[in-house]
Amino acid sequence: MKEQILEILTDIRGDIDFENETKLIDDNLLESLDIVAIVGEFNEEFDVEISVEDLLPENFNSVDAMVELITKAQE
């Protein structure tokens with residue numbers, strides 16, 4: 001799953017080193033439009049529905065946080 005997430009993130013923002021960045025939101029690397037695109041891709045790729053309540057900075061600050069978010073959404 002992590003590889004799929006990295007591929008999606010790189011397709012959306014190829015200028016960010018997602019494997020080594022751990023403060024994507026805190027460091028203002030991802031903007032709100034990026035998050036919208038990421039959520040759309042995650043919903044489609046993983047057949048989940050990420051809700052508005054899940055649109056919290058801590059859920060998108062790192063790749064590991066996004067893995068957790070999708071894992072919870074799949075349950």
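Predicted model: local features only at pLDDT ≥ 70, side-chain atom pairs only at ≥ 80, totals over all residues.
**Exercise 1. Describe how H1 passes H2, starting from the handedness of the crossing.**

Solution. Helix H1 passes helix H2 in a right-handed crossing. A crossing is right-handed if the near helix is turned clockwise from the far one by less than a right angle, and left-handed if anticlockwise. Residues are numbered from 1 along each chain as its sequence is written, and side-chain values use heavy atoms, with hydrogens and water left out.

Step 1: find the helices. H1 covers residues 2-12 and H2 residues 32-46; helices are DSSP runs (H or I, at least four residues) numbered from the N terminus.

Step 2: take the geometry. The two axes come within 10 Å and cross at roughly 140°. Axes here are lines fitted to C-alpha atoms over the stretch in contact, with angles running from 0 to 180 degrees between N-to-C directions.

Step 3: name the arrangement. H1 and H2 are therefore oblique to each other (under 35 degrees is roughly parallel, over 145 roughly antiparallel, 65 to 115 roughly perpendicular, and the rest oblique).

Step 4: list the contact (heavy atoms within 4.5 Å). From H1 come Gln-4, Ile-5, Ile-8, Leu-9 and Ile-12, and from H2 come Asp-34, Ala-37, Ile-38, Glu-41, Phe-42, Glu-45 and Phe-46.

Step 5: sort by class. The contact of H1 with H2 has 8 nonpolar, 1 polar and 3 charged residues. Ala, Val, Leu, Ile, Met, Phe, Trp, Tyr, Cys and Pro count as nonpolar, Asp, Glu, Lys and Arg as charged, and the others, Gly among them, as polar.

**Exercise 2. Characterise the aromatic pair of the structure.**

Solution. Step 1: the structure holds 1 aromatic pair, formed by Phe-42 and Phe-46.

Step 1: both residues lie in H2, 4 residues apart, about one turn of the helix.

Step 2: the ring centres are 6.0 Å apart and the planes make 65°, an edge-to-face pair. Rings of Phe, Tyr and Trp (its six-membered ring) pair if their centres lie within 6.5 Å, and planes under 30 degrees apart are stacked, over 60 edge-to-face, and the rest tilted.

Step 3: Phe-42 and Phe-46 are both buried (under 20% relative accessible area; over 50% is exposed, in between partly exposed; 1.4 Å probe, protein chains only).

**Exercise 3. Work out how H3 meets H2 and H1.**

Solution. Step 1: H3 spans residues 63-74, and its axis comes within 11 Å of that of H2, crossing at roughly 45°. That makes H2 oblique to H3, and their crossing is right-handed.

Step 1: Ile-38, Phe-42 and Phe-46 of H2 meet Met-66, Ile-70 and Gln-74 of H3. This contact of H2 with H3 has 5 nonpolar, 1 polar and no charged residues.

Step 2: the axes of H1 and H3 come within 10 Å and cross at roughly 115°, and this crossing is right-handed. Lys-2, Ile-5, Leu-6 and Leu-9 of H1 make the contact with Val-63, Asp-64, Met-66, Val-67 and Ile-70 of H3.

**Exercise 4. Is Asn-43 buried or exposed, and is Glu-53 buried or exposed?**

Solution. Step 1: Asn-43 is found in H2 and counts as buried, at 17% relative accessibility. Leaving aside residues up to four places away in sequence, Asn-43 touches Val-48, Glu-49 and Ile-50.

Step 1: Glu-53 lies in the loop between H2 and H3 and, at 61% relative accessibility, counts as exposed.

How values were computed: Helix = DSSP H or I, 4+ residues; strand = E, 2+ residues; numbered from the N terminus.
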